Amino acid sequence: LRQQAIFFRASYFYFLDSVESVIGLHRGILDEMSGGNADRAETLVREHIMDALQGFLAFLETHGQGSS
């Protein structure tokens with residue numbers, strides 16, 4: 001439960017900081033999928049996951065795992 005709370009807080013801050021960017025990324029992924037460009041869609045999804053992971057790790061460094 002503690003790990004879920006940490007992830008939720010990180011996701012919340014990530015979303016607040018970059019809502020327009022995230023919406024644009026998701027729109028781009030959907031556009032590539034609907035256009036039949038699976039390879040490009042896969043690349044965008046992988047990049048998005050890595051960006052989110054880096055944001056989560058940065059959040060942990062800044063806020064610490066034990067912060068309330």
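**A first look at the chain**

Trainee: What does the secondary structure come to?
Mentor: The protein chain has two helices and zero strands. Keep in mind that this is a predicted model.

Trainee: How much of the chain counts as buried?
Mentor: Of its 68 residues, 16% are buried. The accessible surface of the chain is about 5,300 Å², and carbon and sulfur atoms hold 59% of that.

Trainee: Let's go to α2. How many residues does it have, and how far does it reach?
Mentor: Helix α2 has 26 residues and covers 37 Å from its first C-alpha to its last.

Trainee: Which residues of α2 are buried?
Mentor: They are Ala41, Leu44, His48, Phe56, Phe59 and Leu60.

Trainee: Why does His48 count as buried?
Mentor: Because its relative accessible area is 14%, and the cut-off for buried is under 20%.

Trainee: And how far is His48 from Val22?
Mentor: Their C-alpha atoms are separated by 8.5 Å, while the two residues sit 26 apart along the chain.

Trainee: Different topic. Which residues form the nonpolar patch on the surface?
Mentor: Met50, Leu53 and Leu57 do, with about 250 Å² of accessible area together.

Trainee: Where is Leu53, and is it buried or partly exposed?
Mentor: Leu53 is in helix α2. It is partly exposed, because its relative accessible area is 38%, and that class runs between 20% and 50%.

Conventions
Residues are numbered from 1 along each chain as its sequence is written. This is a predicted model: local features need pLDDT of at least 70, side-chain atom pairs count only at pLDDT 80 or more; totals for chains, interfaces and linings use all residues. Side-chain values use heavy atoms; hydrogens and water are left out. Buried means under 20% relative accessible area, exposed over 50%, partly exposed in between (1.4 Å probe, protein chains only). Helices (H or I, at least four residues) and strands (E, at least two) are DSSP runs, numbered from the N terminus. The expected span of a helix is 1.5 Å times one less than its number of residues. Accessible areas come from the Shrake-Rupley method with a 1.4 Å probe; for residues, only the protein chains shown count as cover. Patches are made of residues with over 30% relative accessible area and no salt bridge: like charges are joined within 9 Å, nonpolar side chains (Val, Leu, Ile, Met, Phe, Trp, Tyr) within 5 Å. A salt bridge is a side-chain nitrogen of Lys or Arg within 4 Å of a carboxyl oxygen of Asp or Glu.
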